[in-house]
Amino acid sequence: MPFKKPPAILSVALLFLSIGGHAFAQSNGLGVTPKQSYTMKAGEQATNSLFLSNLNKTQPLTVQITVVDFEAQDETGTAKLLKASDQQQTAWSLKPYITIADVVNVPPGANKQVPFTLKLPANVGAGTYYSAIEYTASTGSGQQQVNIAASTATLLFINVPGEARELLTLQSFGMTNGNSLTSKYSSVFHAQPEFFAYKMKNSGNVAESPAGSIIIKNIFGKTVATIDNANPKAQIGLIGQTRKFTGCNPKDRASEKLPLDNNCTALKLSPGFYSATLAILYGQNGQPTRQIGATAHFWYLPWSSVIILLIVLLALAWVIYRLYRRMSRR
Amino acid sequence: MFINARFRPKQILLPAFLVTVLFFMISAQTFAFTNLINRSIAIGTAVGGANTTHTFSFEFPVTVNIGSLMFEYCTDPIDSITCVNPSGSDVTGAVLDSQSGETGFSIVSTDQNHIILGRPAADVGPQTNSYQFSNVINPFNKGPFFVRISAYASSDGSGSWLSFSSVAASINQSININAEVPDILYFCAAVAIPTNCSDATGDFIDFGTLSTAATRFATSQFLVGTNAVNGYSVATDGPTMTSGTDQIPGLAAPDVRRVGKPQFGLNLRANLSPLVGAEPAGGSGFVNANYNQTNRYAYVDGDVVAQSLGRSEIGVYTVSYIVNINSTQPSGVYNTTITYVCLAGF
């Protein structure tokens with residue numbers, strides 16, 4: 001691309017680079033353990049390791065490892081690393097308790113176990129502590145470039161048993177019109193409902209993964225359907241987060257199939273009015289089990305039944321009108 | 001035959017209204033039972049298939065005459081749902097090690113998922129009651145399970161329960177972790193990824209000479225996939241193009257390219273204006289709204305640009321970048337490092 005000298009009276013920003021950049025001298029392809037949870041008592045020390053794989057079969061991988069706090073990005077299960085230079089350490093940070101290498105080298109195509117040590121003081125409070133172990137692939141940088149870099153992390157959770165503060169508050173519950181990020185609660189369905197959601201505010205100091213069930217009853221109180229697992233993916237509500245938990249009516253109720261997104265099927269309801277009752281339980285091992293319940297109502301009105309209902313109502317109105325006219329003449 | 005049929009709407013509407021209200025009352029029932037309070041279960045070892053102890057604690061909310069207690073192991077907590085024993089769980093050989101509060105109980109019967117304690121019926125007092133069982137086999141699989149606790153006037157668990165509640169417990173490690181496929185998150189980023197991370201090439205982007213008369217554009221790619229059930233997210237980490245204290249501003253909201261106006265932005269689509277980029281290929285992830293609009297670009301440091309809500313095969317996303325400047329852009333060498341950060345969902 002020819003260099004165009006700018007006019008003397010104008011200032012033009014220049015950016016010097018060679019097109020496409022050079023071939024990698026280092027890999028930045030990473031395979032990692034995405035999430036890991038442990039239970040440790042106060043005062044305990046434990047050593048374990050994290051899986052790290054070099055996805056590049058020809059180039060070595062050099063990884064810088066950093067312990068970074070994280071929080072929920074929003075009401076979903078998306079994490080947000082807290083990396084601002086003035087970022088305060090979170091109350092649930094693992095930084096004071098974890099020791100891990102700063103740099104790890106992985107040969108081409110190889111896997112490595114990265115050891116780390118967790119040491120909890122005897123006076124650490126009960127609850128959940130979590131941070132991200134971030135792996136940043138080092139591929140070099142220059143002054144006159146826009147560098148592309150890759151980083152990934154293992155989300156590490158440590159549960160410390162004891163008298164922790166556990167408090168989930170239900171914010172909303174209902175059947176939804178889908179399972180995407182933009183799905184909304186609905187009280188009228190023209191197609192068989194399939195998905196549900198509920199939001200919980202976590203005001204405790206334990207990252208909670210609530211468990212429970214949903215029963216669907218018709219207008220006469222008869223149970224017509226059950227959804228045994230109201231948190232099939234074991235989704236977690238982080239400390240301070242208002243989390244939206246989602247799920248669906250499963251096609252296959254085998255435990256290994258429940259978390260799969262392609263295992264959803266529509267309920268088999270007749271047209272009518274229904275209630276969905278949610279029963280959620282949570283509590284750490286040995287701590288009081290807390291229960292939350294809620295009921296949501298909805299109509300299932302396929303368009304065919306709406307049309308039939310309209311016809312019936314119109315016919316009824318016509319009959320009433322005719323009767324009224326006849327009686328008026330008398 | 002003449003029928004004197006005087007039409008009085010109130011005679012029809014009022015009964016219809018009352019019947020409707022009655023139907024709603026029937027259908028709107030919630031759980032109307034006497035809950036046990038301050039209830040808990042403590043598992044000695046939360047490992048799948050382990051032979052361990054289970055200790056139950058609870059209080060009765062009111063004084064009732066109790067002769068038996070039933071502990072029923074199920075995959076869900078609601079009494080109106082047919083109880084299914086958690087896979088692998090077995091309490092047939094349970095032994096009552098200790099009891100406190102309401103005592104005098106002995107094991108009346110056990111089967112795979114039931115323990116029934118019985119005694120001569122007596123009034124219960126306001127106190128914490130605790131029952132520890134040993135020789136209990138945990139469920140095999142990692143995850144939650146429930147024990148339904150019910151109290152009866154009879155001495156053998158027969159008849160209707162007087163009090164009922166469930167407790168939740170969790171297995172932290174499956175019985176056979178060596179047979180499990182571990183969760184893995186795969187990720188790489190480069191200027192070009194022709195097939196996989198092994199042939200990824202390029203770690204910097206060249207926009208050439210910036211101009212007030214034409215948009216500069218380029219692409220990079222990232223590859224991501226996971227078998228973790230809560231999927232992944234990919235976010236940007238890095239400032240917009242900067243030279244000392246001068247910046248080419250990132251587009252805070254999606255906008256079209258505007259020649260002669262300072263802009264730095266990206267999207268993950270195939271575009272016509274300019275002709276740059278490609279649609280995501282493979283996998284079951286999706287591009288987030290602000291970066292999913294053809295011919296519109298945005299850049300906010302820290303934004304999630306792509307994610308998947310569940311497991312995803314390997315997918316490749318192509319990032320299209322645009323840069324424009326105006327005539328007053330200070331001269332200098334502008335650069336940045338954009339780190340694509342891939343995290344698991346939770």
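Predicted model: local features only at pLDDT ≥ 70, side-chain atom pairs only at ≥ 80, totals over all residues.
**Notes on the domains and cores**

1. As for the bounds, domain 1 of chain A covers 30-160, and domain 2 of chain A covers 168-307. Where they meet, 11 residues of domain 1 of chain A are in contact with 14 residues of domain 2 of chain A.

2. Which elements give two or more residues to the domain 1 side of chain A that touches domain 2 of chain A? They are β5 (70-72), β10 (127-137) and β11 of chain A. Of these, β10(A) gives the most, with 3 residues. By class, this side of domain 1 of chain A has 4 nonpolar, 5 polar and 2 charged residues.

3. The largest nonpolar core has 87 residues. Strand β11 (residues 146-160) of chain A gives the most to this core, with 10 residues. The residues with the most contacts inside the core come from both chains: L30(A), Y130(A) and L155(A), together with F187(B), C188(B), V234(B) and C342(B).

4. V234(B) deserves a look of its own. Neighbours within four places in sequence aside, V234(B) is in contact with F222(B), V224(B), V304(B), V305(B), A306(B), Q307(B), Y340(B), V341(B) and C342(B).

Conventions
Residues numbered from 1 in each chain as written. Chains lettered and ligands numbered in written order. Core = buried A, V, L, I, M, F, W, Y, C linked by C-beta atoms within 7 Å. Buried ≥ 20, exposed ≤ 12 C-beta atoms within 10 Å, placed from the backbone. Helix = DSSP H or I, 4+ residues; strand = E, 2+ residues; numbered from the N terminus. Contact = placed C-beta atoms within 7 Å. Domains from an automatic or database assignment. Nonpolar A, V, L, I, M, F, W, Y, C, P; charged D, E, K, R; others polar.
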